[in-house]
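Here is a short briefing to read with the structure open beside you.

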Amino acid sequence: MSILEILRYPDKRLRKIADPVITVSNDTRQIVNDMFDTMYFNKGIGLAATQVNIQQQIIVIDLCLKNKRRIVLINPNIIKRTGIISITESCLSIPQIHEIIPRSENVTVRALDQNGNKFEMEANNLLAICIQHEVDHLCGKLFIDYLSPLKIKRIHKKIKKLS
């Protein structure tokens, strides 16, 4: 079990754009396992590699929080978005901040699994939101980027206060 350090906002490394994984290897699978360990330890439901300072396009998700439905997305590409849904989102990299963010209710994503096999999956509701949130991380985008400048300013003040 390896618990990786989660980068905290406003760490500039969270803004880096992740590189595609060229070859899914044993090292890639170890990163995936370490990311799941880290996510479960921190009681999250999703984690992007960029959040643990690994600049590769890797996402892990488990909405059950108990190693029940592990989803691995390597080099994910959202190819279809429909509907609109908004829920309160939070992020392991921005603890104690919760905001309502509009997202697509349904997405179709293409990716590789942890064995390097291509697949396509459809997701809706919370899973769709989680996929979009984590894909944003791989692009250097955070959920607070969807907020107004005034809300972002308030969040900055709150983060400074919490530090």
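The notes below go through one topic at a time. Please keep in mind that this is a predicted model.

- You will find D34 in helix α1, which covers residues 26–41.
- D34 is buried but takes part in no salt bridge.
- What D34 does have is a side-chain polar contact with Q30, at 2.8 Å.
- Once neighbours within four places in sequence are set aside, D34 is in contact with S2 and L4.

**The largest pocket**
- How much space lies in the largest pocket? The volume is about 380 Å³.
- The lining of this largest pocket is made up of 20 residues, and those closest to its centre are I45, S90, C91, L92 and H133.

**Glu 134 in helix α2**
- Helix α2 is also where E134 sits.
- Is E134 buried or exposed? E134 counts as buried because its relative accessibility is 4%, and the cut-off for buried is under 20%.
- Leaving out neighbours within four places in sequence, E134 is in contact with G46, L47, A48, Q51 and I59.
- Between E134 and L162 there are 28 residues of separation in sequence and 24 Å in space, taken from C-alpha to C-alpha.

Terms used: Residues are numbered from 1 along each chain as its sequence is written. This is a predicted model: local features need pLDDT of at least 70, side-chain atom pairs count only at pLDDT 80 or more; totals for chains, interfaces and linings use all residues. Side-chain values use heavy atoms; hydrogens and water are left out. Helices (H or I, at least four residues) and strands (E, at least two) are DSSP runs, numbered from the N terminus. Buried means under 20% relative accessible area, exposed over 50%, partly exposed in between (1.4 Å probe, protein chains only). Lys and Arg count as positive and Asp and Glu as negative; His and the chain ends are not counted. A salt bridge is a side-chain nitrogen of Lys or Arg within 4 Å of a carboxyl oxygen of Asp or Glu. A polar contact is a pair of N or O atoms within 3.5 Å; within protein, one must be able to donate a hydrogen and the other to accept it, and residues adjacent in sequence count only if both atoms are side-chain atoms. Contact means heavy atoms within 4.5 Å. On a 1 Å grid over the protein atoms alone, a cavity is a set of points where a 1.4 Å probe fits but cannot get out, and a pocket is an open set with protein on both sides within 12 Å along at least five of seven lines; lining residues have an atom within 4 Å of a point. Grid points are joined across faces, edges and corners, and a volume is the space filled by probe spheres set on the points.
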